[in-house]
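Welcome! Take a moment to look over the sequence and the 3D view, and then we can walk through the main features together.

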Amino acid sequence: MNLTELSDRLFSAMIEADRPGASNIVEEALSGGISPRAVIADVLDPAIVRLGKLWEEQAMSLAQNFVASKIAEDTLLRCVPVRKDRESGKGSVVIGNIEDDFHSLGRRAVSLFLEAAGWDVHDLGNDVPAEQFVEKALEVDACVIAVSAMMQTTALNIRKVRELLDANDLKGSIKLAVGGAVFNWRPELVAEVGGDGTASNAIGADELCQRLRTETGRAVQP
Ligand code: B12
């Protein structure tokens, strides 16, 4: 089965807002023996990159973009196995898109990958105020708050999370992971918003959170 051809077909279904058609393409790939990871990396990812280009060229509407993003989310959910047991003991992570940010796709991907890697993930969704991140992290004893932002403007709202952690003397016990395409374009933004670390994609999020947990001095539960 040709991955490029599958990706072309998925991209067409995305811009035509054909959700059932897209789902059939993904099922065809998986039942044809393509691994879920390859479906994400070689079928979905190239389609998203093309989608981004069309968006930047203003060749698609907001509504089209929205449905295409839903299709991408459906595909991720289908491909990432979610663990129901919480036995690996990696710890709790609170995740969300920062206040004013509604780019859920990247955050959902990170959330799913962390769950699959054995983290207890508390996903607060889009447009989350700084206070809510910190309150939830204290409630579930999280060692990492993971904040996603796709825009320059919204990324700056992450500073409020940093300020709250510092003001409440939580700097050492709760680490701040930040991410989203804007951090890949401008790596210096991580320090500007007070992030303790970033990863350029969902696959790198597990390693990042493990490193940050070690920095808090917490061990993996046996
Ligand atoms: C899809 C999309 C949308 C969709 C989002 C739908 C959804 N459910 O997510 C919709 C249509 C809603 C949308 C709306 C808007 N968008 Co938009 N959007 C995009 C687009 C095309 C793709 C984003 C995306 O989903 N990428 C795919 C995901 C998988 O990648 P990702 O987010 O980078 O996430 C990965 C990594 O970054 C990392 N990661 C992500 N989060 C985290 C967190 C942590 C802790 C870690 C470790 C890692 C990590 O892992 C992820 C998976 O590998 C981008 C263009 C682009 N090329 O990026 C514009 C873009 C981000 N949007 C933009 C704009 C301006 C808007 C709007 C203001 C448009 C408007 N005029 O209304 C609104 C704003 C909405 C808001 N307030 O948030 C601009 C931002 C400009 C800027 N530099 O600030 C962009 C760059 C387009 C552009 N060039 O103009 N958008």
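In which loop is H103 found? H103 lies in the loop between β1 (92-97) and α5 (104-116). This is a predicted model, in which local features need pLDDT of at least 70 and side-chain atom pairs count only at pLDDT 80 or more, while totals for chains, interfaces and linings use all residues. Residues are numbered from 1 along each chain as its sequence is written, and side-chain values use heavy atoms, with hydrogens and water left out. Helices (H or I, at least four residues) and strands (E, at least two) are DSSP runs, numbered from the N terminus.

**The cobalt site**

- H103 (NE2) is the only protein donor of the cobalt atom of the ligand, at 2.3 Å.
- Donors here are N, O and S atoms within 2.8 Å of the metal (3.2 Å for Na, K and Ca); water is not among the atoms, so sites may look incomplete.

**The sheet and its helices**

- The open sheet has 5 strands in the order β2-β1-β3-β4-β5, with parallel pairing (two strands pair if DSSP finds at least two bridges between them).
- β2 (120-123) and β5 (197-198) stand at the edges with a single partner strand each, so one side of each is left without a neighbour in the sheet.
- The parallel strands β1 and β2 are joined by 4 bridges, and V94 stands opposite H122 in β2.
- α5 packs on the sheet and touches β1, β2 and β3 (144-148), its direction making about 170 degrees with that of β1.
- Helix α11 (residues 205-216) also packs on the sheet, where it touches β1, β3, β4 (175-179) and β5; its direction makes about 160 degrees with that of β4.
- Contact means heavy atoms within 4.5 Å, and axes are lines fitted to C-alpha atoms, for helices over the stretch in contact, with angles from 0 to 180 degrees between N-to-C directions.

**Helix α2 and its partners**

- Helix α1 (residues 3-15) and helix α2 (residues 19-31) have axes that come within 9 Å and cross at roughly 160 degrees.
- That makes α1 roughly antiparallel to α2 (angles under 35 degrees count as roughly parallel, over 145 as roughly antiparallel, 65 to 115 as roughly perpendicular and the rest as oblique).
- On the α1 side, L6, R9, L10 and A13 make the contact, and on the α2 side A22, I25, V26, E28 and A29 do.
- These contact residues of α1 with α2 divide into 7 nonpolar, no polar and 2 charged (Ala, Val, Leu, Ile, Met, Phe, Trp, Tyr, Cys and Pro count as nonpolar, Asp, Glu, Lys and Arg as charged, and the others, Gly among them, as polar).
- The axes of α2 and helix α4 (residues 62-79) come within 10 Å and cross at roughly 30 degrees, and α2 and α4 are therefore roughly parallel to each other.
- R19, A22, V26, E27 and L30 of α2 meet K70, I71, D74, T75, R78 and C79 of α4, a contact with 5 nonpolar, 1 polar and 5 charged residues.

**The pair α6 and α8**

- Helix α6 (residues 130-140) and helix α8 (residues 159-167) have axes that come within 8 Å and cross at roughly 45 degrees; α6 and α8 are therefore oblique to each other.
- A130, E131, F133 and V134 in α6 meet K160, V161, L164 and L165 in α8.
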